[in-house]
Amino acid sequence: MSWSLRRAGVADLDAIMELEHTVFVNDAWSADMMRAELSSPHGYYLVATEVDADDATLAGYGGLFAPSRSDDADIQTIAVAAHARGRGLGRLLMQALIEQARQQDVAQVFLEVRADNPVAIALYRSLGFEELGVRPGYYQPDDVDAIVMRLTVQPRPPMPAHGQSPLDQTDQHPGSIA
């Protein structure tokens, strides 16, 4: 299955809120909160749909908060519709948000995840996030703890010197693929 990602805007608010209330039944954001996120100059939100689908039903969305000239960013939210789960969309959204953070020269990306969501925790670990601590009772009204996680973002590789092919550069990062 192929996914199409694009930058989200306020015009996507209704579709995002429909999925928000479906996925996060008890602790969904309000429309005003989501509108503020979508409108913020520090927000970077993506929406996903299935390529070649008969309709453009929203399959997922995710958002990054990354103030300019800051070393830190936060994954604000990520949601995948039930019909799209287990097909790589959550990973794709996360990778795109992490890449945006890298392009903004962010050093660390933080997130909170429900302690009762082992699938999401496993995804974040597989992407290199490490657990920092727990926020007891963070998710209300369910009284579920949040696990705080951090990813150290690897910097963008340097651009080749004028007239030099990228293939002529010496790999500065052992184990990376040029």
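**Aromatic pairs.** I started with the rings and got a count of two aromatic pairs. I looked up Tyr138 with Tyr139: the ring centres sit 5.0 Å apart and the planes make 85°, so I noted this pair as edge-to-face. The cut-off I needed there is that planes over 60 degrees apart count as edge-to-face. This is a predicted model, so I keep that in mind for the entries that follow.

**Buried or exposed?** I checked both tyrosines. Tyr139 has a relative accessible area of 15%, so I wrote it down as buried. Tyr138 comes out at 40% relative accessibility, so it goes down as partly exposed.

Seven of them make an open sheet with mixed pairing, and I read the order as 1-2-3-4-5-7-6. Strand 1 (3-7) and strand 6 (130-139) are the edges, each with pairing on one side only. From one strand to the next I get an average twist of 25°. Then I followed strand 6 to its partner, strand 7 (residues 144-152): the two run antiparallel, with six bridges. One bridge I looked up joins Arg135 to Ala146 in strand 7.

**A helix on the sheet.** Helix 2 (residues 31-39) packs here, touching strand 2 (43-50), strand 3 (60-65) and strand 4 (72-80). Its direction makes about 105° with that of strand 2.

**Confidence.** Last, I looked at pLDDT. The chain averages 89, and 87% of the residues score at least 70. Among the elements, strand 3 has the highest mean (98) and strand 1 the lowest (95). Residues 166-178 fall below 50, and beyond near neighbours in sequence that stretch has six contacts in the model.

Notes: Residues are numbered from 1 along each chain as its sequence is written. This is a predicted model: local features need pLDDT of at least 70, side-chain atom pairs count only at pLDDT 80 or more; totals for chains, interfaces and linings use all residues. Side-chain values use heavy atoms; hydrogens and water are left out. Two strands pair if DSSP finds at least two bridges between them. Helices (H or I, at least four residues) and strands (E, at least two) are DSSP runs, numbered from the N terminus. Axes are lines fitted to C-alpha atoms, for helices over the stretch in contact, and angles run from 0 to 180 degrees between N-to-C directions. Contact means heavy atoms within 4.5 Å. pLDDT is the predictor's confidence in each residue, from 0 to 100. Rings of Phe, Tyr and Trp (its six-membered ring) pair if their centres lie within 6.5 Å; planes under 30 degrees apart count as stacked, over 60 as edge-to-face and the rest as tilted. Buried means under 20% relative accessible area, exposed over 50%, partly exposed in between (1.4 Å probe, protein chains only).
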